[in-house]
Amino acid sequence: MKSTAELKNNADKTEESKHQRDDSYVDGISAQHSVMNFDEPVKKSPDSSNSGFSIVSSRTCKVLTIATIIFILVIINLAINTAILREVQDDKTIVNTVVGSELDQPAGLPGFKDTTTWNQIETLAKSTTLNFYLYSPTGSSPRRWVDNVLTTELSEKFGITLNRIDAVYANCDLAAMKLVCDVQNEVNAGKTTEGGSVDLVWINGANFAKMKELDLLYGPWSTNVPNSKNFDFSNPSISFDKGVPIEGMELPFNLAQSIFLYNNRTVASPPTDVPSFIQWVKNNPGRFIYSDPLKDFTGAAFIRRLFYYYAGTGAGGSPNDLLGSFNENLYNQHAPTLWRILNEIEPMLYKPAGQTTPWYPTDHEAEIRPLMGSETIWMDFSFLISEASTRIIDSSWPSTIRGYVLSTGTIADSNYLAIPVNANNREAALIAANHIASAGSMFSRALPEIWGTLQAFDPTAPSIKEWDRKCQG
């Protein structure tokens with residue numbers, strides 16, 4: 001296994017890691033992303049035995065971006081509606097927020113006649129199969145939601161058969177996600193506007209940037225589907241995907257926020273900031289491990305989270321110092337500190353029995369989460385705020401696991417749905433994406449027992465307010 005220094009050298013040589021470094025200067029602190037800083041250390045709420053995510057601060061948190069405001073409003077809306085949702089989730093009059101008359105208007109979508117309406121697109125999609133490409137390993141929340149919720153809804157409501165395709169993150173020299181190369185190869189083979197193997201894809205970051213750069217995406221379409229009204233596309237946290245303008249090529253899917261996790265049976269006082277976390281790792285050898293940042297998005301997010309501290313607050317400044325486009329001089333100034341810290345903790349990281357060299361798993365979900373469940377490691381990192389509660393519910397983790405945010409802040413971003421330029425079933429992709437963007441579908445994904453992920457809706461949108469009114473009425 002390569003050392004951390006070698007990983008750094010390799011990172012400098014790859015386009016994928018270049019995007020990751022670009023992201024770390026905007027992810028969580030600019031208008032594209034959000035960070036929450038707290039004036040006092042984060043504490044565990046006394047009644048949060050199964051919450052998996054609890055923040056208590058005696059003073060109001062500092063809001064650095066528009067996206068954070070949206071995040072706070074999302075939390076408020078989730079608190080109000082999650083319990084109610086269980087009773088009204090199957091009510092079709094509530095789930096479907098699209099007014100009938102809107103569906104008879106020209107859809108205004110590229111590749112269709114100017115007079116084609118949404119109802120006509122829905123008719124064309126009926127009795128067809130949708131190939132949906134997404135990260136969904138066995139036992140994961142995305143797979144559970146797709147298989148148990150979305151597949152049924154698309155079949156019952158629209159007559160669409162969903163074929164889930166588990167995303168592959170290997171064997172592509174263009175980006176981390178193999179689909180980027182697959183679509184490029186299909187287009188090169190003459191399948192330029194149809195005949196592709198994938199109709200809808202869950203995507204963001206460098207993979208989206210590369211597909212957009214290579215003209216491998218259909219659009220613009222996202223602002224024209226009926227449920228686009230549930231989002232504020234003027235909000236930079238939506239209109240930019242890790243610094244890249246989406247320009248109608250993506251529709252918001254979920255929000256993600258990074259948290260740290262600990263076992264309160266073995267960790268009585270969890271570290272409250274980055275320096276104390278690093279010291280905790282040194283004091284507790286073999287009780288923490290992170291995944292390969294070049295091969296796993298959770299590992300990459302963990303590295304970015306540390307970089308924000310060592311290039312911001314830890315350097316005597318603030319995350320605001322990192323605002324703007326990628327600054328190579330600033331990166332070169334602060335990156336050595338991070339590499340030094342990572343090299344210092346490398347000998348203290350967990351290694352399987354018999355492993356003599358450093359071990360960086362390539363799949364955080366499959367290789368590291370079980371270690372937390374077996375209490376082999378005592379702290380972990382996640383980009384899903386309900387990671388603990390979801391795994392406690394499904395009994396894969398003990399009830400002593402907690403999730404929390406360090407006093408030095410957190411990072412968050414949006415993820416999206418996109419349609420490849422050569423999607424063979426564009427009609428079903430549009431219908432499915434629009435349904436996924438409905439209020440009912442969003443709130444189903446917010447339930448911890450199903451997925452427990454944050455949503456990117458605009459809480460001030462009339463359609464969302466109407467959904468709230470019906471839920472509470």
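Reader: Which helix do Glu 466 and Arg 469 both lie in, and how many residues apart are they?
Author: Both lie in helix H18 (residues 462–472), 3 residues apart, about one turn of the helix. Helices here are DSSP runs of H or I with at least four residues, strands are runs of E with at least two, and both are numbered from the N terminus.

Reader: What is this model, and how are residues numbered?
Author: This is a predicted model, where local features need pLDDT of at least 70, side-chain atom pairs count only at pLDDT 80 or more, and totals for chains, interfaces and linings use all residues. Residues are numbered from 1 along each chain as its sequence is written, and side-chain values use heavy atoms, with hydrogens and water left out.

Reader: Back to Glu 466. What does Glu 466 form with Arg 469?
Author: A salt bridge, with the closest N and O atoms 2.6 Å apart. The term means a side-chain nitrogen of Lys or Arg within 4 Å of a carboxyl oxygen of Asp or Glu.

Reader: How many salt bridges does a search of the whole structure find?
Author: The search finds 14. One of them joins the side chains of Asp 147 and Arg 164, at 2.9 Å from N to O. That pair links distant parts of the chain: Asp 147 is in helix H6 (residues 141–158) and Arg 164 in strand S4, 17 residues apart.

Reader: And Arg 369 with Glu 387: buried or exposed?
Author: Arg 369 and Glu 387 are both buried, meaning under 20% relative accessible area; exposed is over 50% and partly exposed is in between (1.4 Å probe, protein chains only). Their closest N and O atoms are 3.5 Å apart in a salt bridge. Arg 369 lies in helix H14 (residues 369–373) and Glu 387 in helix H15 (residues 387–393), so the pair ties together parts 18 residues apart in sequence.

Reader: Different topic. In what order do the 5 strands of the open sheet come?
Author: The order is S4-S3-S5-S12-S8, with mixed pairing; two strands pair if DSSP finds at least two bridges between them. Strand S4 (161–166) and strand S8 (251–257) are the edge strands, each pairing on one side only.

Reader: How do S3 and S5 run?
Author: Strand S3 (residues 129–134) and strand S5 (residues 200–203) run parallel, joined by 2 bridges. The bridge partner of Phe 132 in S5 is Leu 200.

Reader: Which residues are buried in helix H7?
Author: In H7 (residues 178–188), the buried residues include Leu 179, Val 180 and Cys 181. Just after H7, Gly 190 takes a positive phi of about 105°.
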